[in-house]
Amino acid sequence: MSKSKRARPRKARAAVKATKATVRKSVAHRKGGNSKQDHVLGLLRRSSGATIQNITQATGWQSHSVRGFFAGVVRKKLGLTLLSEKIDDERIYRIAGGPAGTKSAASSSN
């Protein structure tokens with residue numbers, strides 16, 4: 001007969017729960033710190049904006065991941081307006097409104 005998963009001692013189950021709890025705390029702690037997402041948003045808030053190539057070099061992400069970040073996080077989750085313009089065969093992205101306008105746009109979408 002094989003033992004079921006419930007046959008583990010209580011101490012082993014408690015250790016697994018403790019591990020999961022510490023992982024959640026570290027992720028929550030990272031939100032307030034300097035994450036790659038914060039770095040990308042800083043690049044997009046500059047008056048000169050940023051290209052996808054700038055962001056891929058700064059983060060190590062692939063270009064399709066940067067475009068997904070634009071759509072999923074910048075536009076949908078944060079509700080920010082992302083402007084795009086093509087200058088000398090390069091597409092430059094920036095967040096509309098500059099640094100002061102971004103916080104109000106993010107808080108009004110909640």
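**Helix packing and local features of the predicted model**

In this predicted model, residues I52, I55 and T56 of helix α3 meet S63, V66, R67 and F70 of helix α4. Contact here means heavy atoms within 4.5 Å. Helices (H or I, at least four residues) and strands (E, at least two) are DSSP runs, numbered from the N terminus. The residues of this α3 and α4 contact divide into four nonpolar, two polar and one charged. In this scheme Ala, Val, Leu, Ile, Met, Phe, Trp, Tyr, Cys and Pro count as nonpolar, Asp, Glu, Lys and Arg as charged, and the others, Gly among them, as polar. The axes of α3 and α4 lie 9 Å apart, and the packing angle is about 105°. Helix α3 is therefore roughly perpendicular to α4. Axes are lines fitted to C-alpha atoms, for helices over the stretch in contact, and angles run from 0 to 180 degrees between N-to-C directions. Angles under 35 degrees count as roughly parallel, over 145 as roughly antiparallel, 65 to 115 as roughly perpendicular and the rest as oblique.

Residues are numbered from 1 along each chain as its sequence is written, and side-chain values use heavy atoms, with hydrogens and water left out. Because the model is predicted, local features need pLDDT of at least 70 and side-chain atom pairs count only at pLDDT 80 or more, while totals for chains, interfaces and linings use all residues.

Helix α4 also packs against helix α2. Helix α2 spans residues 36–45 and helix α4 spans residues 63–77. Their axes come within 12 Å and cross at roughly 90°. The two helices are therefore roughly perpendicular to each other. Helix α2 contributes Q37, V40, L41 and L44 to the contact, and α4 contributes F69, F70, V73 and V74. By class, this contact holds seven nonpolar residues, one polar residue and no charged residues. F70 takes part in the contact with α2 and in the contact with α3.

The chain as a whole has five helices and two strands. Along the sequence, these elements follow the pattern α-α-α-α-β-β-α. The chain has 110 residues, and buried residues make up 22% of them. Buried means under 20% relative accessible area, exposed over 50%, and partly exposed in between (1.4 Å probe, protein chains only). The accessible surface comes to about 8300 Å², and carbon and sulfur atoms hold 52% of that surface. Accessible areas come from the Shrake-Rupley method with a 1.4 Å probe; for residues, only the protein chains shown count as cover. Among contacts with a separation of 6 or more, 46% join residues 24 or more positions apart.

T59 belongs to helix α3, which covers residues 52–59. T59 is buried, with a relative accessible area of 7%. A polar atom of the T59 side chain lies 2.8 Å from the backbone oxygen of I55. Leaving out residues up to four places away in sequence, T59 touches K36 and V40. V40 also takes part in the contact of α2 with α4. G60 sits in the loop between α3 and α4. In contrast to the buried T59, G60 is exposed, at a relative accessible area of 60%. G60 and K36 are 24 residues apart along the chain, and their C-alpha atoms are separated by 9.4 Å.

T51 lies in the loop between α2 and α3. T51 is buried, at 8% relative accessibility. The T51 side chain makes a polar contact of 2.8 Å with the side chain of N54. A polar contact is a pair of N or O atoms within 3.5 Å; within protein, one must be able to donate a hydrogen and the other to accept it, and residues adjacent in sequence count only if both atoms are side-chain atoms. Neighbours within four places aside, T51 is in contact with E90, R91 and I92.

A71, in helix α4, is partly exposed, with a relative accessible area of 32%.

The loop between β1 (82–87) and β2 (90–95) holds D88. D89 is found in that loop between β1 and β2 as well. Most residues other than glycine have a negative phi. D88, however, has a positive phi near 50°. The phi of D89 is also positive, at about 60°. D88 is exposed at 72% relative accessibility, and D89 is exposed at 73%.
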